[in-house]
Amino acid sequence: MGETMALLTPEPHRPGTPPRFHADIGGAESNVAVHLARAGRSVVWYSALGDDRFGRWIHERLSAEGVNCVVRTDDDRSTGLYTKEPHPRGTRVRYWRRGSAASTLHRDDAAQVWRSRPRLVHTSGITAALSESAAGLVEELMKAAPEGTLRSFDVNYRPALHGDHNADRLLDLARCSDIVFCGLDEGQALWGVDSVEELADLLRGPEVVVIKQGAEGATALRDGELWFEPAPTVEVVEPVGAGDAFAAGFLDRFLNGAPIPACLAEGARSAGTVLGVHGDIPPREVPSPVDWETGTTPAQGSRP
């Protein structure tokens, strides 16, 4: 459950000519949904979209990946949009999401989520920062899940979105989950911790704590035991989306009852496939162009 936005990335162009943009979609939770659907899982993505071409295109793209989209359409608000601008010091991301359709998600939407009877519900700190009502929905999902439903939470700290005032809320939500994903750098920025051990001690409560350590790898803790998995050796093209792929790989193996080292290994492998490509999700094939008359793109291959 969470917001997915349209993404525009500028293409190279000659000075003096109008800029051209490559269109795509991006959303932390829907990235996880796509990876799990490609792994053969039955996946539902719940959100709200505007009644616009971007919203219809997002719905089409995710549906083509085998994700069942349960979406509330908002006639008065638009679908969120963001841009990626390549820069010598790293990719610069700008958002146009304030007041988006997804910001109207609220606690009452949890009833629709539970109708799917999910074995696992996954969301993130990004959704919790969209609005007070969206934060209420995340709290409902993490604190009032039906018995037997696993709760997965990715902190997904975004400085421009969260600000200092969200640190306590993110910590509370993380502690309420069964499986929490958090980067060591996120723990340092949010709560001032300096080590894996300090962050693990802070994130007490979940059955499994997974701490991502960037280029070093990732550590998982469960029942007092600790495991470490080194990061894959790949040529990094763009890091955006790798954390979502890691979470999906880990969760897929966890749902199979695999031991934690196997879950970490699959998370690392999945992240490696994203680090080597542009965009959040590796393409199945050459992406199809968008039909801006209908706001859709043709289906991109069959489900595995």
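**Charged side chains, from surface to interior**

At 54% relative accessibility, Asp-201 counts as exposed (exposed is over 50% relative accessible area, buried under 20%, partly exposed in between, with a 1.4 Å probe and protein chains only). Asp-201 sits in helix H9, residues 196-202 (helices are DSSP runs of H or I with at least four residues and strands are E runs of at least two, numbered from the N terminus). Keep in mind that this is a predicted model, where local features need pLDDT of at least 70, side-chain atom pairs count only at pLDDT 80 or more, and totals for chains, interfaces and linings use all residues. Residues are numbered from 1 along each chain as its sequence is written, and side-chain values use heavy atoms, leaving out hydrogens and water.

Now to the salt bridges: the structure holds 17 of them, each a side-chain nitrogen of Lys or Arg within 4 Å of a carboxyl oxygen of Asp or Glu. Arg-41 and Asp-252 form one at 2.7 Å, N to O. Because Arg-41 lies in the loop between helix H1 (28-38) and strand S3 (43-50), and Asp-252 in helix H10 (residues 242-255), this pair ties together parts 211 residues apart in sequence. Both Arg-41 and Asp-252 are buried.

Glu-266 belongs to helix H11 (residues 260-275), so the two joined parts are 13 residues apart in sequence. Glu-266 is buried at 13%, while Arg-253 is partly exposed at 28%. Through shared partners, salt bridges join Arg-41, Asp-252, Arg-253, Glu-266 and Arg-269 into one network.
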